[in-house]
Amino acid sequence: MGNDVVIVGAGVAGLVCAQRLAEAGVGVQVLEARDRVGGRTEHGRLPDGQAIELGGQWIGPGQTRMYALLDELGLTTFPTYDHGEHVLDLGQDRRTYSGDTPPLGGFALADLASSVSRLHRQAQRIDPAAPWTTKHAQHLDARTFETWIARHPTRGARTFWRLLTRAIFATEPANLSLLHVLTYVRQAGSVETLIDTTGGAQQDRVVGGTARIAERLAEGLDPAVRLGAPVRAIHTGDRGVDVELADGDRVRGRRVVVALPPTLAGRIAYHPALPADRDLLTQRVPMGAVIKLHLVYDRPWWREDGLSGQALSDGPVTQVVFDNSPPDGSCGVLLAFIEGADALHWGPRPAEERHAAVAARLAEMIGPAAAHPVAVVERDWTTEPYSRGCYGGHLPPGVWTQLGPALRRPVGRLHWAGTEHATAWTGYLEGAVRSGEETAADVLDALRDG
């Protein structure tokens with residue numbers, strides 16, 4: 001069977017798209033630049049050989065397509081550890097608390113609650129598939145999220161929103177359009193859904209790691225998945241597409257799906273050139289900056305102290321921490337993120353210096369024993385050549401209203417997929433699955449039409 005469709009990128013979106021097309025009897029060829037499948041999901045290894053997630057790892061309520069895919073692939077989940085008290089460390093004031101309400105103090109907590117309610121009301125007005133059609137869209141898109149945050153009267157609420165921005169988008173609020181934040185919240189359902197563990201987007205992990213999703217999908221597509229095959233150019237003609245690889249080889253098909261973040265899609269040469277709006281879009285959807293570190297201990301000792309291992313801080317180096325231990329608790333793992341401007345600052349520094357700085361901060365937040373991990377397993381996603389950042393692409397001011405319609409619109413025989421292109425759960429594995437499925441349906445319609 002020949003190649004009806006060539007898919008560029010063997011992340012979750014590209015592989016789901018390929019699977020759905022293959023199930024419909026379409027001949028597919030998947031081209032992946034890396035020597036592995038999975039995109040922004042990737043296996044790491046703990047000292048005892050157990051898998052740990054270097055990239056995207058969580059799923060939660062409302063992410064229906066991900067849970068369905070896991071069932072389809074025979075994979076199971078286990079809950080993120082969420083027992084005990086959490087740590088809030090603001091302005092060198094360390095407090096522990098339980099539940100979902102941070103101990104910000106009366107005025108700051110009221111300010112935060114009011115702002116969450118206001119953000120939800122604004123988000124409900126957004127069309128998640130076409131944010132640029134929203135009433136007052138240009139006004140919302142002209143403002144940064146930092147401008148919105150700065151209007152809050154209390155320092156506690158402002159600090160909390162800035163921390164959440166880094167945790168969710170891996171960038172600074174000054175880099176985000178307010179319309180983009182509202183769209184993100186609308187697509188997920190609520191701020192609480194985005195930030196909560198139990199009942200939220202961080203609720204469950206995949207047994208064996210999320211990279212098993214792509215591996216299982218690729219196994220079902222073998223031998224249609226080709227690794228170590230970076231795409232240099234795509235030539236489109238009246239009768240089909242000709243995909244040129246970096247080694248000079250060419251793969252032909254009737255249509256092509258580029259299953260990459262917009263900024264990476266823009267690094268491919270297109271013949272003929274892309275329309276101006278799509279080309280400009282690829283230049284204006286930067287990736288977030290994040291370094292993900294697992295600090296490994298002989299046991300999850302913080303649980304003995306009544307702590308959940310979850311911490312939020314406005315201190316230096318790392319602000320967000322989770323318990324990422326294996327389900328059997330055979331060792332303890334604290335997961336720390338360096339995000340946004342901090343990731344750009346710490347990324348170029350020696351690994352030993354970075355690890356020591358994170359361990360010292362965890363000792364202050366979680367307990368003195370955190371200063372002495374037996375191992376550190378990390379991934380700096382800003383240096384990964386075929387991602388250039390995580391968790392996803394974000395839209396600065398002006399992009400949604402000027403260039404938004406070009407995000408998902410096919411260009412002749414070219415189609416687009418990836419979590420950035422989803423109309424629900426953008427930036428998450430759920431968004432990748434939905435985008436892959438929706439793009440496959442669009443391609444099938446196009447193939448039937450000739």
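These questions and answers cover cavities, a helix contact and a sheet in a predicted model.

Q: How many cavities of 30 Å³ or more does the model have?
A: Rolling a probe the size of a water molecule over the atoms shows where empty space is left. A cavity is a set of points where a 1.4 Å probe fits but cannot get out. With a threshold of 30 Å³ or more, the count comes to three.

Q: Which helix gives the most residues to the lining of the largest cavity?
A: The largest cavity holds about 90 Å³ of space. Its lining includes Trp 161, Leu 164, Thr 165, Ile 168 and Phe 169. Two or more lining residues come from each of helix H6 (155–169), helix H7 (178–188) and helix H8 (191–195). With five residues, the element that gives the most is H6.

Q: How many charged residues are in the lining of the largest cavity?
A: Among the lining residues are Leu 119, Phe 145, Val 181, Tyr 184, Val 185, Val 191 and Leu 194. By class, the lining has 11 nonpolar residues and one polar residue. The number of charged residues is therefore none, as Asp, Glu, Lys and Arg are the residues that count as charged.

Q: Which element gives the largest share of the lining of the second largest cavity?
A: The second largest cavity has a volume of about 80 Å³. Of the 13 residues that line this cavity, His 180, Leu 395, Trp 400, Glu 420 and Thr 426 are the closest to its centre. The largest share of this lining is four residues, and the element that gives them is H7.

Q: How many polar residues line the second largest cavity?
A: Thr 426 is one of the residues closest to the centre of this cavity. The lining has six nonpolar and two charged residues. The polar residues in this lining number five.

Q: What is the handedness of the crossing of H1 and H16?
A: Helix H1 (residues 12–23) and helix H16 (residues 429–448) have axes that come within 7 Å. These axes cross at roughly 40 degrees. The crossing in which H1 passes H16 is right-handed.

Q: How many residues of the contact of H1 with H16 are nonpolar?
A: H1 makes the contact through Val 12, Ala 13, Val 16, Cys 17, Arg 20 and Leu 21. On the side of H16, the contact residues include Leu 429, Ala 432, Val 433, Gly 436, Glu 437 and Val 443. Two residues of the contact are polar and two are charged, while the nonpolar ones number 11.

Q: Do S11 and strand S15 run parallel or antiparallel?
A: Strands of a sheet pair through backbone hydrogen bonds, either parallel or antiparallel. Three bridges join S11 to strand S15 (residues 269–271). In this pair, Ile 234 is opposite Tyr 270. The two strands run parallel.

Q: Which are the edge strands of the sheet?
A: Four strands form an open sheet in the order S13-S12-S11-S15, and its pairing is mixed. S12 and S13 pair over four bridges in the antiparallel sense, with Val 251 of S13 as the bridge partner of Val 243. The strands that each pair on one side only are S13 (250–253) and S15.

Definitions and conventions: Residues numbered from 1 in each chain as written. Predicted model: local features only at pLDDT ≥ 70, side-chain atom pairs only at ≥ 80, totals over all residues. Heavy atoms only, no water. 1 Å grid on protein atoms, 1.4 Å probe; cavity = no way out; pocket = protein on both sides within 12 Å on 5 of 7 lines; lining within 4 Å. Points joined across faces, edges and corners; volume = space filled by probe spheres on them. Axes fitted to C-alpha atoms, helices over the stretch in contact; angles between N-to-C directions. Left-handed = near helix turned anticlockwise from the far one by under 90°. Contact = heavy atoms within 4.5 Å. Pairing = 2+ DSSP bridges.
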